[in-house]
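Look over the sequence and the model before reading on. This briefing moves from the overall fold to single residues.

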Amino acid sequence: FETNWAGVLKKRYLLKGLKIKPPEEKASNGFDDFIAALEQETLNFGRPVVYVHGDTHTFRIDKPLVGTPKGKRFIENFTRVETFGAPNTHWIRVTIEHNDPNVFQFRQEIIKENRARH
């Protein structure tokens with residue numbers, strides 16, 4: 001997902017103090033066809049879609065899909081949930097609220113015994 005930086009998002013995520021710039025062009029990778037199909041199916045579905053994975057094991061909940069071809073707006077009904085992973089092994093509680101337009105609610109559940117020790 002992070003290889004798809006729209007112009008509007010480039011400005012939003014530019015980290016001037018660290019001199020880090022987002023890529024100028026979308027980098028091609030082996031997931032391009034999958035992401036394009038995911039975008040299209042999510043738009044066609046028209047209801048909330050959640051994609052859960054544990055790729056880098058960095059806990060985050062975000063909206064990484066940007067509509068193509070212009071790429072100026074997030075695809076609002078798509079949410080990515082990236083789970084915790086070693087050495088931070090915890091879990092995520094998902095609640096479904098049928099009356100809420102967003103449907104899904106997420107809450108991190110920290111296991112006391114698995115917290116980092118200083």
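What does the secondary structure of the protein chain come to? It comes to 2 helices and 5 strands. The model is predicted. Along the sequence, the pattern reads α-α-β-β-β-β-β. The protein chain has 118 residues, and 25% of them count as buried.

**The sheet**

- An open sheet is built from 3 strands, in the order β1-β3-β2. Its pairing is mixed.
- Which strands are at the edge? They are β1 and β2, and each pairs on one side only.
- From one strand to the next, the twist averages 15°.
- Strands β1 and β3 run parallel, and 5 bridges join them.
- Y51 stands opposite R80, a residue of β3.
- In general, strands of a sheet pair through backbone hydrogen bonds, and the pairing is either parallel or antiparallel.

**Helix α2**

- Helix α2 has 14 residues. From its first C-alpha to its last it reaches 20 Å, close to the 20 Å expected at 1.5 Å a residue.
- Which residues of α2 are buried? They are I35, L38, E39 and T42.
- The face of α2 turned away from the buried side carries exposed residues: D33, E41 and N44.

**Aromatic pairs**

- How many aromatic pairs does the structure hold? It holds 4.
- One of them joins F34 and Y51: the ring centres are 6.2 Å apart and the planes are at 50°, so this pair is tilted.
- F34 lies in helix α2 (residues 32–45) and Y51 in strand β1 (residues 49–53), so the pair ties together parts that are 17 residues apart in sequence.
- F59 and F84 form an aromatic pair that is stacked. Their centres are 4.6 Å apart, with 5° between the planes.
- F59 lies in the loop between β1 and β2 (60–62), and F84 in the loop between β3 (78–82) and β4 (91–96), so the pair ties together parts that are 25 residues apart in sequence.
- F59 is partly exposed, with a relative accessible area of 26%. F84 is buried, because its relative accessible area is 14% and buried means under 20%.
- F34 and Y51 also belong to one aromatic cluster with F78.

**A charge over a ring**

- What lies over the face of F45? R47 does, at 4.2 Å from the ring centre.

- Where is R115? Its place is in the segment after β5 (104–109).
- R115 counts as partly exposed, because its relative accessibility is 44%.
- R115 and H90 are 25 residues apart in sequence. In space, their C-alpha atoms are 8.5 Å apart.

Methods
Residues numbered from 1 in each chain as written. Predicted model: local features only at pLDDT ≥ 70, side-chain atom pairs only at ≥ 80, totals over all residues. Heavy atoms only, no water. Phe/Tyr/Trp six-rings, centres within 6.5 Å; stacked < 30°, edge-to-face > 60°. Helix = DSSP H or I, 4+ residues; strand = E, 2+ residues; numbered from the N terminus. Buried < 20%, exposed > 50% of the residue type's maximum accessible area, 1.4 Å probe, protein only. Lys NZ or Arg CZ within 6 Å of the ring centre and 35° of its normal. Pairing = 2+ DSSP bridges. Axes fitted to C-alpha atoms, helices over the stretch in contact; angles between N-to-C directions. Expected span 1.5 Å × (residues − 1).
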